Amino acid sequence: MTTTLLSPDLRTRVQDAHKMLIGSEWVSAASGATLSVEDPATGQVVAEVPAGDIEDVDRAVAAARAALRGPWSRITPQERGKLIWRLADLIEARAQELAELESLDAGMPIMEARYVDVAFSIDVLRYYAGWPTKITGDTIPVSFPMNFGGPYHAYTVREPVGVVAAIVPWNLPLMMAVKKLAPALATGNTIVVKPAEQTPLSIALLANLVLEAGIPEGVFNYVTGYGETVGAALVEHPGVDKISFTGSGPTGKAIARAATGTLKRVSLELGGKSPNLIFDDADLVKAIPSSALAIFACQGESCVAGSRLYAQRGVYDEVVAGLAERARSIKLGPGLDPSSEMGPLISAEHRDKVLGYIDLGRKEGVDVVTGGGRHGAEGYFVEPTILTNVHARSRLVREEIFGPVLSVIPFDSEDEVLGLANDSEFGLGAGVWTRDLARAHRLSGAIEAGQVWVNCYQAVDAALPFGGYKQSGWGRETCRENLDEFLELKTVVIGL
């Protein structure tokens, strides 16, 4: 097995992740237990981080509750905004270090880590930095009869929901954490972050930067550990007021059920099986490379990966050939290698799961146009894979594979492909490629998805709502509407 080579600076950053942040203290797990973090490009263990448990969660929640009623509650909205902006500046100054940690930890190519994950995290923080001074209530005219104690003055106030527990996935871990942290801070909440056990490294540096920005101790806490211990303890903890979770559908459903014990707020950003529709009149010069990027970016480990591609019969062969050519040209390698275009999957277990789907397809008689196997003798690489002759009811089409596997299916009419696109339990993203403006508007309105991209794919902005229909989750992230999920609305009525 190849030894992972780390620069001295990156090695220092990895060592920083050997502790958790609770209040102002960097601590080990109360039990002393640790868990191993691997470089998925080699399978080499690069760090041992605390394996927290219920006692650690109790300490983190207590620190968050103390900060909620302490100095954080006395900081003005304008000052909160300045602190959030300051955190964005610090992340920008340390962007390369954060990108290297993300690349090492999650396997993504360094350019994706730097210019997608880290860059968007900065944008999200700066977007939310403008919101604290704009969270207002209303003055409401009251029509209750005067002879019942009136007149009245009535108004509403928006207050922090309290302590937020953010449970973060292993793909794009920094960005996923920031998408929960930024609105929590903007609305005056405190937070406990639980990173995925596979990818805790960048969150340690984020925690350092939160303190360096001047955000009071206890406002941000992070506890590393397994989902069945730390995650479950946060969901069930009576001192946690809201859960914000990004991850798989089954885990999201389990969280929703468990949260009923305390009736805490829950927001869920779950899976997808996003359809991408290419019509005969599409600009294939744009549609083909963009559709390849839609599935092969982030190794396909993306909830909005365009994993179901429907190509109209007149361009089907050209689309398949163009996608196959692009897939064959993708250079696989360690994320830290600047020449790598696609990195490894997150773990051996996940690699084998993805390969299992491809094997299932072979048994069902699909055609493997390109890819279809493991890449290299070490690490968790899977070749960019394109499948045709895939049945519409196959698990390849129905289930989220979360890997670089694309099913390409022909269609004839708009009505036919709309039915195929919506025939899914998911509804997160969708793409439409056409020069017909009327068709673009018809399909944008009819497709059951939280976001529809026309003649582009996964164009995102911190101001745009992100979330899904159906079993793709509850709530929205990165938008004005998201703020309400972190606020309680109080009505005040005063008899005059």
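Trainee: Which residues lie nearest the centre of the second largest pocket?
Mentor: This is a predicted model. The second largest pocket holds about 730 Å³ of space. Its lining counts 34 residues. Those nearest the centre are Val116, Val304, Gln458, Ala459 and Val460.

Trainee: Which element gives the largest share of the lining of the second largest pocket?
Mentor: Helix H6 (110–129), helix H7 (173–186), helix H11 (284–296) and strand E21 (451–454) each give two or more residues. The largest share is five residues, and the element that gives it is H6.

Trainee: Which element gives the largest share of the lining of the largest pocket?
Mentor: The largest pocket has a volume of about 1,200 Å³. Its 44 lining residues include Trp170 and Phe245, both among those nearest the centre. Helix H9 (227–236), strand E10 (242–246), helix H10 (249–259) and helix H13 (348–364) each supply two or more. The largest share, seven residues, comes from H10.

Trainee: How many residues in the lining of the largest pocket are charged?
Mentor: Here 19 lining residues are nonpolar and 13 are polar. The charged ones number twelve.

Trainee: Which residue in E6 is the bridge partner of Thr139?
Mentor: Two bridges join E5 to strand E6 (residues 152–160). In E6, the partner of Thr139 is Tyr155.

Note on methods. Residues are numbered from 1 along each chain as its sequence is written. This is a predicted model: local features need pLDDT of at least 70, side-chain atom pairs count only at pLDDT 80 or more; totals for chains, interfaces and linings use all residues. Side-chain values use heavy atoms; hydrogens and water are left out. Two strands pair if DSSP finds at least two bridges between them. Helices (H or I, at least four residues) and strands (E, at least two) are DSSP runs, numbered from the N terminus. On a 1 Å grid over the protein atoms alone, a cavity is a set of points where a 1.4 Å probe fits but cannot get out, and a pocket is an open set with protein on both sides within 12 Å along at least five of seven lines; lining residues have an atom within 4 Å of a point. Grid points are joined across faces, edges and corners, and a volume is the space filled by probe spheres set on the points. Ala, Val, Leu, Ile, Met, Phe, Trp, Tyr, Cys and Pro count as nonpolar, Asp, Glu, Lys and Arg as charged, and the others, Gly among them, as polar.
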